[in-house]
Each structure stands twice: as structure tokens, then as C-alpha cells.
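Subject: Structure for you to look at

Hi,

Here is the structure I promised to send over. Have it open while you read the rest of this email.

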Amino acid sequence: MRGHACALLLIAGLACHIPVATAQSAYKVETASRGCPSGMGPAHAPAGSLDHHIQDAIRRAGPGGMVRLSGEYTIWQTLELLDGSVLCSDAGATLSWADRSRPGLMISATRANATRILSLVLDGRGIAIKGGGHAIEGNLIRNIQANGGAAQRWGERHGVFIVDRGDRLIIRNNVFTQIVDTGVMGYNINRSLIAANSFQDLHEGIHLFSVSQTQIRQNTGSRLRAMGIEIQGDNLPGLVIENNRFKDWHPQHVSKAYVMSVVSGLGAVFKGNVIEGHPEMSAGLEIGGEGAQVTDNTLMDASLVIATAPDAVIRNNRIVRASIHKDVNRVPSGRLLIEGNTIEDAPRVGIFADEWGGYDQVTIKGNRISKRLTEGTVDFVGIVASPFRKQPLLILDNVIRFEVAGRNRPVRAVCIANGGYQGNLRGMQVSGNTCLGAGVGLFSDSNSLGGHVGVQYRRNKLVRLQNTITGDTEGLQATDNELTDVAADNARLRTP
């Protein structure tokens with residue numbers, strides 16, 4: 001509600017302040033500005049309402065000077081800031097791009113450092129920055145459409161365009177709306193903060209290349225036509241993506257798109273994000289890079305997809321009507337831990353991969369998977385035991401629960417399905433898991449010969465099942481499993 005109220009204030013031309021948690025990075029985050037800052041000495045004001053009046057005021061103020069705007073201005077060509085320039089308004093001054101076919105951006109700080117752009121309404125074009133120390137706060141950037149020059153000139157299609165080498169940037173408390181391309185687009189970003197921005201009715205929210213020591217926090221997005229956040233480029237350390245929320249997609253949303261795709265970042269942290277997706281999306285969150293830490297996120301109607309991601313940890317996330325799965329990208333080494341996640345009513349499978357590829361070790365541990373079997377339910381599997389190439393797969397201490405709700409036909413509901421063949425799952429441990437089958441489920445199933453050869457089933461708890469394991473069960477090893485109200489034990493898991 002606070003973010004929505006701020007959006008309305010900004011659209012009305014008023015300043016708005018949203019508190020932002022202190023970023024855990026190499027610089028101190030300042031309090032977000034409301035209007036023009038105090039304590040800078042006298043502010044210069046333009047003599048008229050055209051761009052050359054504003055540019056003249058910037059020159060008169062000089063490096064480090066402040067220009068205070070009020071009312072409405074017509075901009076024919078790009079305003080160029082000086083080192084330390086402050087361009088601001090106390091009451092939401094509006095700058096409108098005069099000719100949509102004319103090249104240029106509204107404001108450029110590509111030949112200056114440490115500029116500040118505060119509490120303005122920019123209509124028709126955005127901002128270009130380069131270098132260090134820039135702050136863009138409390139602005140409304142809107143109406144950059146494809147019916148003018150921005151359709152042909154890619155750099156003019158964005159709200160904020162970080163041309164190259166953005167260091168110690170603050171982009172905070174802005175509203176980006178009705179933009180043909182991206183709210184914040186940039187390259188080589190370091191030690192920066194992008195926080196508490198609202199992205200409404202545009203193509204993408206944030207798209208960055210080669211990011212290090214940067215916080216992306218508390219941003220929101222709605223009516224997007226593609227992704228909320230996309231990070232590509234070099235695998236650099238210090239990226240944190242935390243407490244962002246994306247929902248309510250544009251009717252023309254790109255089919256099979258991802259909500260968040262972050263395929264670079266050394267030890268990137270994803271925490272507390274809320275993604276309300278759509279069943280037609282390929283993913284709610286795609287992760288790559290080395291050592292990703294994905295914790296305490298909520299994804300609804302869009303899956304968590306693991307791309308390369310060696311040494312990733314996927315822990316304590318809530319996945320609703322979607323799954324966790326590994327895509328076709330290979331990894332050369334590293335470990336993968338999928339632990340403590342809650343998966344509710346995934347369409348077909350809770351956790352799966354066609355193959356775990358080059359991971360040294362994959363552990364699926366302590367997850368809670370539940371599935372309500374209704375009239376429209378198709379066959380369902382909680383976890384697929386997929387082939388591996390190095391250390392055996394570990395499936396430990398998971399709880400998989402089925403609930404029957406109005407079923408009138410048979411359904412194949414399997415807690416842990418066996419995807420192996422001819423002994424290629426040898427050494428896999430399936431231990432300490434609980435399978436609550438509601439009288440219709442199976443503990444495991446196999447469609448190929450030799451899938452259970454050398455597989456160890458230990459200390460599993462099986463309750464109200466039609467059968468323990470169906471299909472070929474030759475060569476499995478069973479120890480200390482507990483069976484309660486299990487109609488058949490084809491695999492002979494019940495041991496003394």
C-alpha cells in the first residue's frame with residue numbers, strides 16, 4: 001500500500017519518500033531526498049520555461065551548484081549536467097520532450113560525476129549517466145513510446161540508461177511508467193543501490209550487464225511485458241537481490257518469458273523476493289553464476305529454474321503451483337543443495353531434472369511437497385530421482401503428502417519416481433523421507449529396467465499407499481523402512 005500511494009503522489013507531481021533498509025555494501029546509504037536538498041547555498045532558477053533557460057542556470061550554478069525547477073518546461077535538446085550538479089524541484093516540476101522524432105535524452109550526466117536528479121517529472125525521454133556518484137531519486141519518468149524517435153534509437157528507449165562504468169550510483173524511489181523498453185538499463189555497475197522503484201506498464205524493469213557489489217532491493221513491478229529483473233555479463237561478486245515484488249502482467253506479456261533471470265554473479269544473494277507469475281511463463285526465477293544463495297523467496301505460478309549455478313543453495317523458499325527444476329545447461333563441477341523448501345500444488349512435478357549433469361554432488365533434503373488431487377489433476381510426482389555423473393544423488397528427509405479431493409478416476413501419484421536405467425543410479429541414497437499417500441499414492445515407480453540397482457532405501461516412512469514401488473525393483477537395498485497401511489510391498493521395503 002505504501003508503494004502504491006507513493007506512485008500516486010509522484011504521478012500527481014509530488015515528492016514521495018519510502019524508507020529503504022541500509023545496504024550492506026562498501027558505501028553508506030543516505031536518506032532518500034524529498035525535493036531539493038538543504039545546506040547547499042543559494043539555488044539558481046531558470047529565467048524561462050525552455051531547455052536553454054535550464055542549461056544557462058546549470059552553467060551559472062557551476063560545478064556542485066543547484067538548480068531549482070518549478071512549473072512546466074519544454075525540452076528540445078538534452079540538458080548536460082556538470083560535476084556535482086543538482087537538478088531538483090520542491091513541487092514536481094515537469095520537463096516534456098518537445099519533438100518525439102528528435103534525437104536525444106532529457107538529461108545527460110555522461111561527462112560529469114556525482115550529479116543528483118531529484119523529484120522531477122520527465123515526460124517523453126529519460127536520463128543517461130556514466131561514471132561515479134550519481135543519484136536519481138524521487139522522479140516520475142514516463143511516456144517513452146515507440147511512436148517517435150525512440151523506436152529507432154535504442155539508447156533513448158529507457159528510463160535510466162547507464163552507458164558504461166556506473167559506480168556508487170543511487171537509483172531510488174522513482175516511478176517508471178509507460179516506457180517502450182526498460183526502466184533501468186546499464187553496463188558495468190559497481191557499488192550501487194537500485195531500491196524502492198516502481199515499474200509500471202513497460203517492457204522490462206531492470207536489465208544490467210556485469211554487476212558487482214550492488215544492492216537491488218524493494219522494487220516493485222506490474223503490467224510488465226517481459227522480465228522484472230535481468231542480470232547478464234561477467235561473473236562478479238557482491239550482488240544482492242532482496243525483497244523485490246513483481247505481479248499483474250501486461251496482457252501482451254511475452255510468452256515463455258522469465259520474471260527474474262540472473263545468470264551471472266559470484267555468490268549472488270536472492271532473498272525475500274515475491275514473484276506472482278503466470279502459468280505460461282518459463283520461470284519465475286532463473287539462477288546462474290557460481291555460489292548463488294536463494295533463500296526465503298515466494299514464487300507463485302512460475303517455477304524456480306536452475307541454469308548453470310555451481311555451488312548453489314536453494315533453501316527455505318515457498319513455491320506455489322510451480323516447481324523447482326534444473327534446465328539443460330551443464331555445469332563443470334560444484335555442489336547443489338535444495339533444502340527446506342515448501343512446494344504446494346505443482347502442476348506435474350515438485351523437484352526434477354532430466355539429468356544433474358556435471359555437479360559433483362546434488363542433495364535434495366528436508367523439503368515439504370504437498371499435492372491436492374482434484375477432478376482436474378493429471379499424474380503427479382513429488383521428486384524425480386534423475387541420473388548423475390559423479391557422486392550419487394542424495395534424497396534425504398523430505399515429506400511428500402497427497403490429499404484426495406473429489407477424485408473420480410485413477411491417478412498416478414508418486415512420492416519419489418525413479419528416472420534411472422541399467423544401474424545408472426547406483427549408490428543413490430533415499431533415506432529418512434516420509435510419503436503420505438492418501439490411499440492412492442506410490443512411494444516410487446520405475447519405467448525402465450535396472451533403475452533401482454544399487455539404490456539404498458533407508459529409514460523411510462510410508463503411510464497409506466497402494467504399493468511401495470512398482471516397475472522393476474531388482475537390485476535395490478532396503479534397510480529399516482517403516483510401512484503403515486500399505487496395500488502391497490512389491491519392492492520388499494519392509495525389513496525386520
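Below is what turned up, starting with the disulfides and then moving on to a histidine and the nonpolar cores.

One thing before you start: this is a predicted model.

**The disulfides**

In case the term is new, a disulfide is a covalent bond between the sulfur atoms of two cysteines. How many disulfides does the structure hold? There are two.

One of them pairs Cys36 with Cys88, and the sulfur atoms there sit 2.1 Å apart. The link of Cys36 and Cys88 is right-handed, with 105 degrees about the S-S bond. You'll find Cys36 in the loop between helix 1 (2-11) and helix 2 (51-61), while Cys88 belongs to strand 4 (residues 86-89), so this pair ties together parts that are 52 residues apart in sequence. Are these two cysteines buried or exposed? Both Cys36 and Cys88 are buried.

The other disulfide runs from Cys415 to Cys435, with 2.0 Å from S to S. The torsion about its S-S bond is about 80 degrees, so the disulfide of Cys415 and Cys435 is right-handed. Cys415 counts as buried because its relative accessibility is 0%, and Cys435 is buried with a relative accessible area of 0%.

**A histidine to find**

Next, look for His325, in strand 31 (residues 324-326). Is His325 buried or exposed? Its relative accessibility is 15%, and buried means under 20%, so His325 counts as buried. What does His325 touch, leaving aside residues up to four places away in sequence? The answer is Ser303, Leu304, Val305, Ile306 and Phe352.

**The nonpolar cores**

The largest nonpolar core has 109 residues. Those with the most contacts inside this core are Ile107, Val184, Ile287, Ile306, Ile314 and Phe443. Which strand gives the most to the core? That is strand 16 (residues 198-212), which contributes five residues.

Not counting residues up to four places away in sequence, Ile287 touches a list of residues including Val262, Phe270, Ala292, Val294 and Ala312. Ile306 and Ile314 are also among the residues that Ile287 touches, and you met both of them above as residues with the most contacts inside the core.

Methods. Residues are numbered from 1 along each chain as its sequence is written. This is a predicted model: local features need pLDDT of at least 70, side-chain atom pairs count only at pLDDT 80 or more; totals for chains, interfaces and linings use all residues. Side-chain values use heavy atoms; hydrogens and water are left out. A disulfide is a pair of cysteine sulfur atoms within 2.5 Å. Helices (H or I, at least four residues) and strands (E, at least two) are DSSP runs, numbered from the N terminus. Buried means under 20% relative accessible area, exposed over 50%, partly exposed in between (1.4 Å probe, protein chains only). Contact means heavy atoms within 4.5 Å. A nonpolar core is a set of buried Ala, Val, Leu, Ile, Met, Phe, Trp, Tyr and Cys residues joined through side-chain atoms within 4.5 Å.
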